[in-house]
Amino acid sequence: MLASVSAGAKSKATPRQALAERALRELARRNFINFCMYMDVKYETPPHIRLLAAKLQQVAKYILSNGKDGIGRLMIMMPPQHGKSLIASKMFPTWMLGLSPDSRVILASYGVDLAVRHSRFIRDAVMSAEFTALFGRKSVMEDAVVISSDSRSAENWDLAQPYYGGVKAAGVGGGITGLPAHLLIVDDPFKNREEAESESRRDLVDDWYRSSARTRLRPNAAVVIFHTRWHPDDLAGRLMRRMTSDPLADQWEIINLPALALDSYPADEAEQRRKMNDGVYLPLEDALGRKPGQPLWPLAYTENYLIGTRAELGLYDFEALYQQMPYLREGGMFKREYFDVVSSSPENVSARVMFWDKAGTRSGREGDKAAGVLGSITANGDVYIEFVIAKRMTPHEREETMARIGKELYTQYGPFEIWHQQDPGSAGLDSALATNDNLANAGLIGHFETVSGKKLVRAGNFATKAEAARVHLVYGSWNQPFVDALAAFTGRDGDPDDEVDAASSVVNKLLELRREPEMIDEIVTYEERVSISPM
């Protein structure tokens with residue numbers, strides 16, 4: 001940081017210089033962008049940084065007004081190396097501690113080390129000559145804002161009395177202890193693409209935000225979140241979905257500044273919200289009024305540089321990193337456009353069956369998911385996926401869930417066969433027998449079978465039907481995660497396949513059930529068939 005006219009000068013200032021210095025200090029205390037320039041005279045302020053500064057000033061207004069005015073929830077979507085961490089994770093908390101020294105700040109990132117680096121920057125800034133001139137011993141403050149003498153750790157430190165403010169740095173997923181905070185800043189909760197593409201990691205980040213970070217906030221505290229949009233189901237995507245589906249959920253102001261201006265935008269807010277429900281945010285227009293293809297920071301990153309970067313990274317990575325447009329990798333077998341969503345199941349059902357891929361873990365927090373899929377088929381061969389559940393569960397939780405869901409679906413659709421997979425060996429047989437007994441005790445019709453063959457082969461009938469536009473999804477909250485799982489299916493060993501395996505087995509069973517009446521002399525109704533199902 002560079003000294004201002006008087007903060008670091010040894011020679012005595014002239015009256016004109018002193019007057020100019022007082023004006024600069026007053027502007028720095030009142031306006032966040034002026035504070036940034038006062039703290040560092042080389043601080044660059046291109047249009048996108050000025051826009052962010054204005055939005056962050058509104059966040060400060062929210063905190064200072066105790067939630068009566070300003071922005072309480074701000075989401076920032078920007079490309080890397082464009083200044084968002086410096087302005088939002090470092091400069092802004094520093095200014096807030098000067099404006100409101102009783103405010104407590106939580107800084108969070110994928111690892112505690114990055115959060116600590118930001119915290120150390122803020123602590124050093126508070127001890128700088130520039131901050132001292134604005135809010136410290138050389139300022140007009142009645143009580144100087146200074147670091148407490150016993151705050152030696154950059155991970156958790158306090159301001160000196162009479163103030164109660166301070167900073168806590170935390171890693172996403174870890175516990176947060178201490179006093180409730182007035183400001184939470186989440187900067188990159190995912191370390192890289194690998195983390196963001198891990199469903200268990202996305203669940204962990206979401207659980208941490210809701211159960212740990214969110215609960216450490218004071219009423220009317222503010223939250224600022226930004227991270228690379230590697231995946232539509234990341235933290236930003238989940239928060240957007242809650243925002244669009246529940247008016248009582250936190251409502252976020254979203255600033256999306258792609259490296260290259262977009263060439264198309266949603267037609268209206270309704271289309272915008274539909275995209276948000278898919279985990280993608282598109283502004284109604286460019287926030288800076290740019291023309292299509294114009295760079296965000298042309299003096300630092302020219303259009304040619306960004307086009308070259310896109311060619312080097314590939315479109316998939318460039319869209320996530322620089323355009324903040326997350327797209328799932330597609331395995332090639334299932335395309336999103338194969339599936340449509342219908343309001344209800346058909347009336348002319350020839351057969352209906354449910355299949356469970358029975359994964360289970362000791363803790364219910366890692367490994368494969370247990371997946372159950374209910375489907376039906378019509379006389380003309382159209383398949384309807386009517387219900388999907390996919391969740392990591394302990395074996396006990398899975399058995400309870402299978403019985404509970406089965407009874408609920410029986411109430412809605414009437415009786416149908418519930419099939420589940422038998423794993424190899426005697427332990428697999430014992431588990432399958434126990435599941436059948438559990439289903440029978442719940443008044444449900446259960447069968448089990450071993451599943452063999454390659455995953456890609458087993459999914460063949462399902463994929464063929466889907467590509468022919470003969471698979472329809474009955475509207476439900478499971479629609480989007482299910483399509484995400486289908487689009488990401490590769491068939492490779494170790495890659496996620498739980499929902500696909502269960503759905504493929506459902507389609508195969510439905511085709512068997514639909515063909516069977518044609519091969520017997522006595523035609524019975526579907527209801528009669530399942531009611532006399534063999535033991």
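This is a predicted model: local features need pLDDT of at least 70, side-chain atom pairs count only at pLDDT 80 or more; totals for chains, interfaces and linings use all residues.
I noted a salt bridge between the side chains of Lys369 and Glu199, at 2.7 Å from N to O. Lys369 sits in the loop between strand E9 (349-357) and strand E10 (370-378), and Glu199 belongs to helix H8 (residues 199-213), so the pair ties together parts 170 residues apart in sequence.

I next examined Asp203, which forms a salt bridge with Arg238; their closest N and O atoms are 2.8 Å apart. Asp203 lies in helix H8 and Arg238 in helix H9 (residues 235-245), so this pair connects parts that are 35 residues apart in sequence. I recorded Asp203 as partly exposed, at 26% relative accessible area, and Arg238 as buried, at 13%.

I then traced the network of salt bridges to which both residues belong; among its other members are Arg202, Asp206, Asp207, Arg210 and Arg392.

I also checked Arg398 and Glu399, whose side chains meet in a salt bridge at 3.1 Å, N to O. Arg398 is buried at 6% relative accessibility, and Glu399 is buried at 14%.

Finally, I turned to helix H5 (residues 112-126). At 1.5 Å a residue, its 15 residues should span 21 Å, and I found the end C-alpha atoms 21 Å apart, which agrees. The buried residues of H5 include Leu114, His118, Ile122 and Arg123.

Definitions and conventions. Residues are numbered from 1 along each chain as its sequence is written. Side-chain values use heavy atoms; hydrogens and water are left out. Helices (H or I, at least four residues) and strands (E, at least two) are DSSP runs, numbered from the N terminus. The expected span of a helix is 1.5 Å times one less than its number of residues. Buried means under 20% relative accessible area, exposed over 50%, partly exposed in between (1.4 Å probe, protein chains only). A salt bridge is a side-chain nitrogen of Lys or Arg within 4 Å of a carboxyl oxygen of Asp or Glu.
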